[in-house]
Structures are given as structure tokens and as C-alpha cells.
Amino acid sequence: MALCKAEAITIRLQDFSETSQIAWFYTREFGRLSALAKGSKRQRNNFDGRLDLLCHNEIVFARKSRTTLHVLTECRLLGRFRGLRAGVDRLYAALYAAELVREMTPAEESQPPLFELLLGTLRALSGGDDVAATLLAFEARLLALAGYGPMLDACVACQADALPKGTVAYSSALGGVLCRACRGRDPKAIGVPRSALAALGRMADGEAAEPPPGLVAVLRKLMKATFAHHLNHEPRLMRYV
Ligand SMILES: [Zn+2]
């Protein structure tokens, strides 16, 4: 059993007993992991005060080899994202981001860009950035980092790169755009302006991009449908954001 140190964001907390909790973290060094926080609900504990959701911490845990539930030994608070309490929309957006990271990532697979994405998103939401635009950029980048980046420059069904000018059909189920000939492959495909898809592509690549005004809602609808498709269910907080 080795002691490991990690930079971590608390993405879920669950009561384990009257005095202890199970904490799920997304860490820079180990990806997603869970650990038993013995005595965390006691007034005096080893965890720098109360263990809280959506906090930026430095943790130390005893790494078990036979189970994925490790034992938390230290937790030092690095930051709290206080601005998330400025409005319920910001708090729900942050909880939704944490839920998506939890659901879309494999256990204990290090992916530092994904840690940076979650940290940057929580900072932006806490710092007063536009909630919908922040979530859209998060969703597009998360999909790409999780290996589900949508195909936007060629038809996802036949790979033809001759796409209609103006508005193109996007299929959440197939994960990309459809050419005219393949348009009928998905009756639920939604027509989206190419300029909006180009902005979405830049966001998926992790670049700053401003989606055309008025199209954030349409693009978020596509992203939500894409996540629901990949996860086979709608994330719990999706309806609130
Ligand atoms: Zn096609």
C-alpha cells in the first residue's frame, strides 16, 4: 500500500457511515478515483475542515492494489470556487460538469488536459463568465478528450467532404455531420449553420471560439443529445442546465 499525492477536484461525495464519507475525485495525476474519508464528518478531522464538493485540493491517499476504493489520509484545500454560490445556475452548471466528468472518464486513467478543462471550467463559472457559453466549450472539449469528438468536416456516414453550404445536418446519434445523400440516415438530425459548426470544432480542439450569437442554445442541444446518446441515459443534472 503506497501513499500517493495528487491535485484533485471533489466531484462527488457520499455518506458511508455516520462519521465517514466516500469521496470521488478527478485528479491531475491519476484521473478519476474514489477514496474512503474516515471520520470526515467529525468536527475535528484530518481533512482541513469539512470535505466539500467542487473544491480544489491537494490530497494524499493510501493506494490499495486490490480495490479501487482507496483511503484518504490528507486533504488540503487549495481553492473553493466561491463564485459558484452567486446563483443556482452557476452551481448547477458546475455540478453538471462534475457529473459529466465522472460519467465520461474511466477510473484511474491519467489525462491532465481533462483535469485542466474541469479546473478551468469551474474557475470560469465561479468568475462570472457566461454560463451557457462556458458549458458549451466544456462539452465540446470533453467529448473530444473522451474520444467522442464529433466529425464536422466530412460526412460521418460516407466520409464525403462535399458538404452543403449554409446549413448542414448534424446527427447526435452518428456523431457528426451528414452530406445531402446521407441526410436521411438520421431523421432526428438537426440543421446547423456551418459557421456554428466551425466554432464548435475549434472549441473541441481546445481553442477559444465565440459561437455566432444566438446559436449557443442550438449547439448545446446537439452536445446534450450527443452525451445522452453515448451514456445511454440523460445525466441527472442535464435538465437544469
Ligand atoms: Zn454522406
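A residue is called buried when its relative accessible area is under 20%, exposed when that area is over 50%, and partly exposed in between, using a 1.4 Å probe and protein chains only. The structure is a predicted model, in which local features need pLDDT of at least 70 and side-chain atom pairs count only at pLDDT 80 or more, while totals for chains, interfaces and linings use all residues. Residues are numbered from 1 along each chain as its sequence is written, and side-chain values use heavy atoms, with hydrogens and water left out.

The chain contains five helices and eight strands. Helices (H or I, at least four residues) and strands (E, at least two) are DSSP runs, numbered from the N terminus. Along the sequence they follow the pattern β-β-β-β-β-α-α-α-β-β-β-α-α. The C-alpha trace spans about 65 × 40 × 30 Å along its principal axes. The chain exposes about 11,900 Å², of which carbon and sulfur atoms supply 48%; accessible areas come from the Shrake-Rupley method with a 1.4 Å probe, and for residues only the protein chains shown count as cover. Contact means heavy atoms within 4.5 Å. Among contacts between residues at least 6 apart in sequence, 59% join residues at least 24 apart.

Five strands close into it in the order 1-2-3-5-4, with mixed pairing; two strands pair if DSSP finds at least two bridges between them. Neighbouring strands of this sheet are turned by 50 degrees against each other on average, direction ignored. Axes here are lines fitted to C-alpha atoms, for helices over the stretch in contact, and angles run from 0 to 180 degrees between N-to-C directions.

Strand 3 (residues 31–37) shows both kinds of pairing. Strand 2 (residues 21–27) is joined to strand 3 by seven bridges, and the two run antiparallel. A hairpin of three residues connects strand 2 to strand 3, and Thr27 stands opposite Gly31 in strand 3. Strand 3 is also joined to strand 5 (residues 69–79), here by three bridges and in the parallel sense. Ala35 has His70 in strand 5 as its bridge partner. Seven of the seven residues of strand 3 are buried, so this strand is largely enclosed by the rest of the structure.

Helix 2 lies across strand 1 (2–15), strand 2 and strand 4 (56–63), running at about 50 degrees to strand 1. The axes of helix 2 (residues 112–126) and helix 3 come within 10 Å and cross at roughly 175 degrees. That angle makes helix 2 roughly antiparallel to helix 3, a label for angles over 145 degrees, where under 35 counts as roughly parallel, 65 to 115 as roughly perpendicular and the rest as oblique.

Three strands form it in the order 7-6-8, with antiparallel pairing. Its edge strands are strand 7 (176–178) and strand 8 (190–193), each of which pairs on one side only. Neighbouring strands of this sheet are turned by 50 degrees against each other on average, direction ignored. Strand 6 (residues 167–171) and strand 7 pair over three bridges, and Ser171 stands opposite Gly176 in strand 7. In the loop between strand 7 and strand 8 is Ala181, which counts as exposed at 74% relative accessibility. The C-alpha atoms of Ala181 and Ala157 are separated by 9.7 Å, the two residues being 24 apart along the chain.

Helix 4 (residues 194–204) lies across strand 6, strand 7 and strand 8, at about 80 degrees to strand 8. Helix 5 (residues 216–231) lies across strand 6 and strand 8, at about 135 degrees to strand 8. The expected span of a helix is 1.5 Å times one less than its number of residues; for the 16 residues of helix 5 this gives 22 Å, which agrees with its end C-alpha atoms being 22 Å apart. Among the buried residues of helix 5 are Val216, Arg220, Lys224 and Phe227. Their cover includes helix 1 (88–104), helix 3 (131–145), strand 6, strand 8 and helix 4. Just after helix 5, Asn232 takes a positive phi of about 65 degrees.
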